[in-house]
Amino acid sequence: MRVASFTNKVVALSLALGAASAAKAQKVSPPPPGALRPYVFPQVEQFTLGNGLKVILVEKHTLPLVEGRLIIDAGAMREPGNKNGLASLTGRLLSEGTSDMSGADIARQMDALGAQFSTVGGFSTSTADVVALKNVFPQALSLAAKTVISPSFPASEFTRVRNQALAGYQQNHARAAGLAGDAFIRAVFDSTAPFSRPQAGTLATISGLTRDDVVGWHRAMYAPSGSTLLLVGDITPAEARAAAQQAFGSWNATRTAVGPVSNPVRQSAGTRVILVDRPGSVQSSIIVGQAGFKATDPDYITTLALNHVFGGATSSRLNNNLREKHGYTYGIFSGFDLRAGAGALQASSEVRTNATDSALVEVIKEYHRIVTEPVPTAELTGAVNNLVSGFPSAVQSIQGLTGRLQNLIVWGLPMDFYATYRERLAAVTPDDVRRVAAGKLTPDNLVVVVAGDLSKIEAPIRARNFGTVEVWDADGKKIR
């Protein structure tokens, strides 16, 4: 018994000393960040084929890999509203067959080359992307080109892929996050704005699409004059020119003339709260934000730093508040959804049903605080250092580099934008952040969207008086 008692005392003393040491260690400030390490963004070269196809080349010879991504100005923002989903469906069908190959043939040949290949119809653009080893890249790029230049759109595959699109829409709307995401873009943008529509379409619009619609869309929109080929990786200028010419030199299609796309913001005199019912949901999906942001804005770099403090990182104010302090969620983040000519800031999370109204209180409080209170220098420095130090690793792979370059094309930014990106971020000051926050953020005129079990969350949310409350169905129609 005495041995046991002595042992227990030793254990208790050890735990106490350990706790004291841990508490002391937690009070020690981390060392200051070191000087910004040199980093040079790869040089960007450009040339144009005889048919008008623009080619952008970035050499990166660290691995014997090359990525080729054809970016076509044929995204969902160009499609008619009553054909919503046409661009997405067309993009998915490109790889399902050409004039001389079936979809299975294409897949087998890409597999034999060890290449990764995909075709996508997005909001701003449609793309065909291929990644392959250097020694087989020209073959893989030529094979990918055939799916863009001469797709066959087999009737059987059209029906299958359209059914997949319908199922995808239903699956997305079976989730609270899917309901909230669609409701948010409908709420912040005017109904005439392409940005207000789901990228892949709705049940009604997808069901109405025909194979003739797809064929006509491809004929009208897919042409070298409206496309850009990105080549990134272990490839020289001479090799890039030869590969591009071999794959796309014979492409001679013309496209329908198109003009600029307008995405007007829905005007509102105060905060609007949109509720979408998902009966039985154990969590609520919340989105709080506003429209009115563009990458071409002179203050874009400052808004990135502002967002990183607000909710763009694990150590951000939103996450520290809602996750660490209150335990309402496993995580909450904010970010910019930037597309061609328009964009929105969104703070989003999945929160406990019984904490939904309380979580909204804290999000809106942080929205106000970032506008009304100066950001301490140390807090801003930490956020900016995180962005600056993480950039080289974000573009270390050819895929990461290609994605960043595509953003520049979509957003209309110069191709040398990233050459001084880190330096401009590092130069952002607390005064810059406060000026931009006060000028661009509207904490008293927000869009708040909540998808969840309204039988449990509607009354508490209304009692908070955040703003005008509307209840919508899953398709964006106001119920009450």
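How many aromatic pairs does the count come to here? Hello everyone, and let's find out together. One thing to keep in mind from the start is that this is a predicted model. The answer to my opening question is 15 aromatic pairs.

Let me show you one of them. Phe-41 and Tyr-418 make a tilted aromatic pair, with 5.6 Å from centre to centre and 40 degrees between the planes. Now, where do these two residues lie? Phe-41 is in the loop between helix H1 (2-26) and strand S1 (44-48), while Tyr-418 is in the loop between helix H14 (398-411) and helix H15 (421-426), so this pair ties together parts that are 377 residues apart in sequence. Both partners, Phe-41 and Tyr-418, are buried.

Tyr-418 has another aromatic partner to show you. With Phe-417, Tyr-418 forms an edge-to-face pair, at 5.1 Å centre to centre and 85 degrees between the planes. Are these two buried or exposed? Phe-417 has a relative accessibility of 8%, so it counts as buried. Tyr-418 has a relative accessible area of 5%, and because buried means under 20%, Tyr-418 counts as buried too.

If you step back, these rings belong to one aromatic cluster, formed by Tyr-39, Phe-41, Tyr-300, Phe-391, Trp-411, Phe-417, Tyr-418 and Tyr-421.

How many residues of H10 are buried? The answer is 11 of the 11, so H10 is largely enclosed by the rest of the structure. Among those buried residues are Tyr-300, Leu-304, His-308 and Phe-310.

On the H10 side, the contact uses Leu-304, Ala-305, His-308 and Val-309, and on the H13 side Glu-379, Leu-380, Ala-383, Val-384, Asn-386 and Leu-387. Sorted by class, that contact has seven nonpolar residues, two polar and one charged. And here is a handy general point for anyone looking at helix contacts: an α-helix has 3.6 residues a turn, so residues three or four places apart point the same way.

Another crossing is worth a look. Helix H2 (residues 86-93) and helix H8 (residues 211-221) have axes that come within 10 Å and cross at roughly 85 degrees. That makes H2 roughly perpendicular to H8. H2 brings Leu-86, Ala-87, Leu-89, Thr-90 and Leu-93 to the contact, and H8 brings Asp-213, Val-214, Trp-217 and His-218. These contact residues divide into six nonpolar, two polar and one charged.

My last stop is Thr-353, in the loop between strand S10 (342-352) and helix H12 (356-372). Thr-353 has a relative accessible area of 12%, and it is buried. How far apart are Thr-353 and Glu-379? In sequence they are 26 residues apart, and in space 32 Å, from C-alpha to C-alpha. Leaving aside residues up to four places away in sequence, Thr-353 touches Ser-281, Val-282, Gln-283, Ser-284, Lys-456 and Ile-457.

Note on methods
Residues numbered from 1 in each chain as written. Predicted model: local features only at pLDDT ≥ 70, side-chain atom pairs only at ≥ 80, totals over all residues. Heavy atoms only, no water. Axes fitted to C-alpha atoms, helices over the stretch in contact; angles between N-to-C directions. Helix = DSSP H or I, 4+ residues; strand = E, 2+ residues; numbered from the N terminus. Parallel < 35°, antiparallel > 145°, perpendicular 65-115°, else oblique. Contact = heavy atoms within 4.5 Å. Nonpolar A, V, L, I, M, F, W, Y, C, P; charged D, E, K, R; others polar. Phe/Tyr/Trp six-rings, centres within 6.5 Å; stacked < 30°, edge-to-face > 60°. Buried < 20%, exposed > 50% of the residue type's maximum accessible area, 1.4 Å probe, protein only.
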